[in-house]
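This briefing covers selected side-chain features of one structure, grouped by topic. Please consult it alongside the sequence and the coordinates.

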Amino acid sequence: AAGGGGAAGGIALHDFSGQLGEQRVHFHAMRLRDSLFLWVGAAPALASLAVAMCSPRDSIPVAASLLGDPSDTASSCLAQRLGRCGGAGELPPAGNAGTGPGSGSGPGPSKTKKQIFVSYNLQNTDSSFTLLIENRIKEEMTAFPEKF
């Protein structure tokens, strides 16, 4: 049930879900002009919120926890990994047709190149499970780049 998009530069809403291991996980993405809000969870809650943004001094975004337990780094780590600023880093999936920041045609599948807010609301923060979460998001970014 993807939400409406509207004109370029407007707000685009996109909801998707996935069965990851034994758990059904829901995702809500809200693309704004210069940022992205991404909610991940199994039930309606906003227990944590983090932001990641590019720094002129590093290819890895700076991340900060805005809401929730600061020792729970799941939201900030996911925001940082999805918000890569460019340069070396994780390998994108095959077929990366990403474009530069500010273009209307969407980011590459493994980077948003914009400020990203992430709310990770799952008890499971195991690294192999969070990798499944990240890969499911990237899969959706590849399929629907205009929504991110």
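Leu46 lies in the loop between strand 3 (35-41) and strand 4, where strands are DSSP runs of E with at least two residues and helices are runs of H or I with at least four, numbered from the N terminus. This is a predicted model, in which local features need pLDDT of at least 70 and side-chain atom pairs count only at pLDDT 80 or more, whereas totals for chains, interfaces and linings use all residues. Residues are numbered from 1 along each chain as its sequence is written, and side-chain values use heavy atoms, with hydrogens and water left out.

**Leu46 and the nonpolar patch**

- Leu46 counts as partly exposed, at 48% relative accessibility; buried means under 20% relative accessible area, exposed over 50%, and partly exposed in between (1.4 Å probe, protein chains only).
- Together with Leu66 and Leu67, Leu46 forms a nonpolar patch on the surface, with about 270 Å² of accessible area in total.
- Patches are made of residues with over 30% relative accessible area and no salt bridge, nonpolar side chains (Val, Leu, Ile, Met, Phe, Trp, Tyr) being joined within 5 Å and like charges within 9 Å.
- A salt bridge is a side-chain nitrogen of Lys or Arg within 4 Å of a carboxyl oxygen of Asp or Glu; accessible areas come from the Shrake-Rupley method with a 1.4 Å probe, and for residues only the protein chains shown count as cover.

**Leu49 in strand 4**

- Leu49 is placed in strand 4 (residues 49-55) and is buried, with a relative accessible area of 17%.
- Leu49 and Leu67 are 18 residues apart in sequence, and their C-alpha atoms are 4.8 Å apart in space.
- Beyond its neighbours within four places in sequence, Leu49 is in contact (heavy atoms within 4.5 Å) with residues including Phe37, Leu66, Leu67, Phe117 and Val118.

**Aromatic pairs**

- The structure holds two aromatic pairs; rings of Phe, Tyr and Trp (its six-membered ring) pair if their centres lie within 6.5 Å, with planes under 30 degrees apart counting as stacked, over 60 as edge-to-face and the rest as tilted.
- The Phe16 and Phe27 rings are stacked, because their centres are 4.7 Å apart and their planes are at 5 degrees.
- Phe16 lies in strand 1 (residues 12-20) and Phe27 in strand 2 (residues 23-31), so this pair ties together parts that are 11 residues apart in sequence.
- Phe16 is buried at 8% relative accessibility, and Phe27 is buried with a relative accessible area of 2%.
- Phe16 also pairs edge-to-face with Phe148, at 6.3 Å centre to centre and 70 degrees between the planes.
- Phe148 lies in the segment after helix 2 (127-143) and Phe16 in strand 1, so the pair ties together parts that are 132 residues apart in sequence.
- Phe16, Phe27 and Phe148 are linked into a cluster by ring pairs.
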